[in-house]
Amino acid sequence: MSITVKTSTWFEAKVRSEKMMADGMTKTVKEDYIVDALSFTEAEARITEEVSKVVSGGLNVDALKVASYKEVCFDDDATADKWYKVKIQMTTYDEKKDKELHRNIYYLIQGSSLQNAYKNAEEIMKGSIEDYVVASVTETKILDVFIYD
C-alpha cells in the first residue's frame with residue numbers, strides 16, 4: 001500500500017447529467033467531483049471535459065466552490081474506491097501567551113473503509129513533529145478526483 005499526497009487548489013463540483021441506466025432508460029443524476037485548477041473558469045472547463053467522457057447526454061455544473069482542503073491523498077490499493085474528508089487537529093504551544101493553540105487541517109483521503117481512511121491519515125501524519133489528533137473521518141459523496149497531468 002502506498003499513499004500519494006497531491007497539494008493544489010482543489011475545487012468541488014456538483015454536476016447534473018444524463019446517465020444510461022442498466023434497464024436502458026436515461027436518468028438525471030447529480031454527482032460530486034473534485035478537480036485541481038488555478039481558477040473557477042479553468043475548474044469548470046476541466047470538470048466539463050472530464051465528466052463528458054463518461055456521460056452520454058448533456059451535463060451542467062450546478063455548483064463550484066474552492067475545497068476546504070489543500071491536499072488530496074491517493075491510495076494505490078484497488079479496493080480504495082471511496083473518498084473521506086479527514087479533520088486533523090494540530091496542537092502547538094505558544095510560549096508568549098502561555099497556552100496551547102489548536103488548528104484544524106483538512107485532507108481528502110482515498111480509502112476502502114472508514115478504518116482504512118483513518119489508517120491512511122495516520123500514515124500521512126507519522127512524520128509530523130507537532131502533536132495531532134485525527135478529529136473526524138467522514139465519508140463523502142465524491143465519485144472521482146481529476147488531477148492535472
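A: Contact means that heavy atoms lie within 4.5 Å of each other. The model is a predicted one, in which local features need pLDDT of at least 70 and side-chain atom pairs count only at pLDDT 80 or more, whereas totals for chains, interfaces and linings use all residues. Residues are numbered from 1 along each chain as its sequence is written, and side-chain values use heavy atoms, with hydrogens and water left out. Among contacts in the chain between residues at least 6 apart in sequence, 67% join residues at least 24 apart.

Q: Which helices and strands does the chain have, and in what order do they run?

A: Helices (H or I, at least four residues) and strands (E, at least two) are DSSP runs, numbered from the N terminus. Two helices and nine strands are present in this chain. Read from the N terminus, the elements follow the order β-β-β-α-β-β-β-β-α-β-β. Along the principal axes, the C-alpha atoms fill a box of roughly 65 × 35 × 25 Å.

Q: How many of the residues count as buried?

A: Buried means under 20% relative accessible area, exposed over 50%, and partly exposed in between (1.4 Å probe, protein chains only). By this criterion, 34% of the 149 residues of the chain are buried. The accessible surface of the chain (Shrake-Rupley method, 1.4 Å probe; for residues, only the protein chains shown count as cover) is about 9100 Å², and carbon and sulfur atoms account for 50% of that area.

Q: Which strands form the open sheet, and in what order?

A: Strands of a sheet pair through backbone hydrogen bonds, either parallel or antiparallel. Two strands are taken to pair if DSSP finds at least two bridges between them. Here five strands form an open sheet with mixed pairing, in the order β1-β5-β7-β6-β8. Its edge strands, β1 (3-7) and β8 (131-139), each pair on one side only. From one strand to the next, the twist averages 25 degrees. Strands β5 (residues 71-75) and β7 run parallel and are joined by three bridges; Cys 73 has Ile 109 as its bridge partner in β7.

Q: Where does helix α2 pack, and what angle does its direction make with that of β7?

A: Axes are lines fitted to C-alpha atoms, for helices over the stretch in contact, and angles run from 0 to 180 degrees between N-to-C directions. Helix α2 (residues 114-125) packs on the sheet and touches β1, β5, β6 (82-94), β7 and β8. The direction of helix α2 makes about 125 degrees with that of β7.

Q: Is Gln 110 buried or exposed, and what lies around its side chain?

A: Gln 110 belongs to strand β7 (residues 99-111) and counts as buried because its relative accessible area is 12%. A polar atom of its side chain lies 3.0 Å from the backbone nitrogen of Asp 75, and a polar atom of the Gln 110 side chain lies 3.0 Å from the backbone oxygen of Ala 80. Beyond its neighbours within four places in sequence, the contacts of Gln 110 include Cys 73, Phe 74, Trp 83 and Asn 120.

Q: What is the phi of Asp 98?

A: Most residues other than glycine have a negative phi, and most peptide bonds are trans. Asp 98, although not a glycine, has a positive phi of about 55 degrees. Asp 98 is found in the loop between β6 and β7 and is exposed, since its relative accessible area is 56%.

Q: How many salt bridges are found, and which residues do they join?

A: A salt bridge is a side-chain nitrogen of Lys or Arg within 4 Å of a carboxyl oxygen of Asp or Glu. The search of the whole structure finds eight. One of them joins the side chains of Asp 32 and Lys 14 (3.3 Å, N to O). Asp 32 lies in strand β3 (residues 26-36) and Lys 14 in strand β2, so this pair ties together parts 18 residues apart in sequence. Asp 32 is buried because its relative accessibility is 16%, whereas Lys 14, with 45%, is partly exposed. Another joins Asp 62 to Arg 16, with the closest N and O atoms 2.9 Å apart. That pair links distant parts of the chain, Asp 62 being in strand β4 (residues 59-66) and Arg 16 in strand β2, 46 residues apart. Both partners are partly exposed, Asp 62 at 36% relative accessibility and Arg 16 at 34%. Lys 53 and Glu 50 also form a salt bridge, with a closest N to O distance of 3.5 Å. Here Lys 53 is exposed, with a relative accessible area of 58%, and Glu 50 is buried, with 19%.

Notes:
A polar contact is a pair of N or O atoms within 3.5 Å; within protein, one must be able to donate a hydrogen and the other to accept it, and residues adjacent in sequence count only if both atoms are side-chain atoms.
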